[in-house]
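Biologist: Please show me the model. Then let us talk about how its parts meet.

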Amino acid sequence: DPQQLELVTSGKRKLRRFIVIDEVVDELYGSKVREYFEENNVQHKILALPTTEETKSMELVLNILQEVQNFSIDRRTEPIIAIGGGVCLDIVGLAASLYRRRTPYIRVPTTLLSYVDASVGAKNGVNFLQCKNKLGGYTPPVASFLDRSFIQSIPRRHISNGLGEILKMALMKHKGLFDLLKSHGKYLLDTKFQSYSGSADHRDAALQTTRIAIETMLEELAPNLWEDDLDRLVDFGHLISPELEMRVLPSLMHGEAVNIDMAFMTYVAHVRGLITDEEKEQIIQCMRGLELPVWHGGCSWSLIKRALMERLKHSGGQPRMPLPTGLGVAEIFNDTSEETLERAYKLWVRD
């Protein structure tokens, strides 16, 4: 903002920033963040917090707001900055949307999952009464700053977790992205999505993969930011996974639960005759190649039925079930019978 820059450079007013950072990220990068603000002569408060699915609550939102109030920010010109994974970005987004009805905030994702998923769109929220993201709103950030160098310090399982959401977009919208994941999945896991010159075989697979994933996500979200239209391809993998994820916490990460849901729905698509046996196998093998779970003992037939009943409540009385109709193409269906679902479930469990 030129006006703000003018104020700062003229020395009339010192820039101030309130930063919420995940405590694990703070251990790794906190000193660099502090150095950055000190070098730029920015008065700052850094609040390091444990941001996990288990702590993703209204209580943590209120803790943040208490600190924001103590620091006393200008709600128009001093955005709150969130540095962390998807949970951190969700919590801070909700806190910012509540403070003085809407305070601007900036997302800095530090995991692969948040880089391609939580950084895009307007949603924020917290868990409530054992239900995932039951409280929340739609307040987009004023900016998302994407820096893949954060991803190099996260464990391999977290990379795989993020690949679950990337695969979702590939299966729904982009065969080219699916082919990239099939060809370069292991390389992306091994190199933790860093770009290296001299790896001609892989071109810049990390940049290509993340760019396509984000662009396809934006194509889906931008025209329907407030979810006025409940027919959403991005809901693939999100029909059963919220129930499963909350039921087995903390044994499954978000992208892993999403992938288990996608694996089951791949069988549903196959039983319905939407994809061939070969396409089903290609999808399952790609999932295995990305080191994602394709089944979980907690995903019982009764849990699936309960999750789909819950889905009906929140999607206008229709299941609105996104299913692949090939590799990289999909449609939304409202006519999948319980018999089809049960047949798919038995095949899935058998395999």
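Modeller: Domain 1 and domain 2 bury about 1900 Å² between them, 69% of it on carbon and sulfur atoms. Buried area is the accessible area (1.4 Å probe) that two parts lose on being put together, summed over both. This is a predicted model: local features need pLDDT of at least 70, side-chain atom pairs count only at pLDDT 80 or more, and totals for chains, interfaces and linings use all residues. Residues are numbered from 1 along each chain as its sequence is written, and side-chain values use heavy atoms, without hydrogens and water.

Biologist: Which three residues supply 32% of the area that domain 1 buries against domain 2?

Modeller: Domain 1 spans 13-152; an automatic or database domain assignment sets such bounds. No other three residues of domain 1 supply more of its buried area. They are Leu112, Leu113 and Arg148.

Biologist: How many salt bridges are there between domain 1 and domain 2?

Modeller: The rule needs a side-chain nitrogen of Lys or Arg within 4 Å of a carboxyl oxygen of Asp or Glu. Lys134 and Glu310 form a salt bridge, with their closest N and O atoms 3.7 Å apart. Between the two domains, the count is 2 salt bridges.

Biologist: Which element gives the largest share of the side of domain 1 that touches domain 2?

Modeller: Helices (H or I, at least four residues) and strands (E, at least two) are DSSP runs, numbered from the N terminus. Helix H5 (112-118) and E6 each give two or more residues to that side. The largest share, 5 residues, comes from H5.
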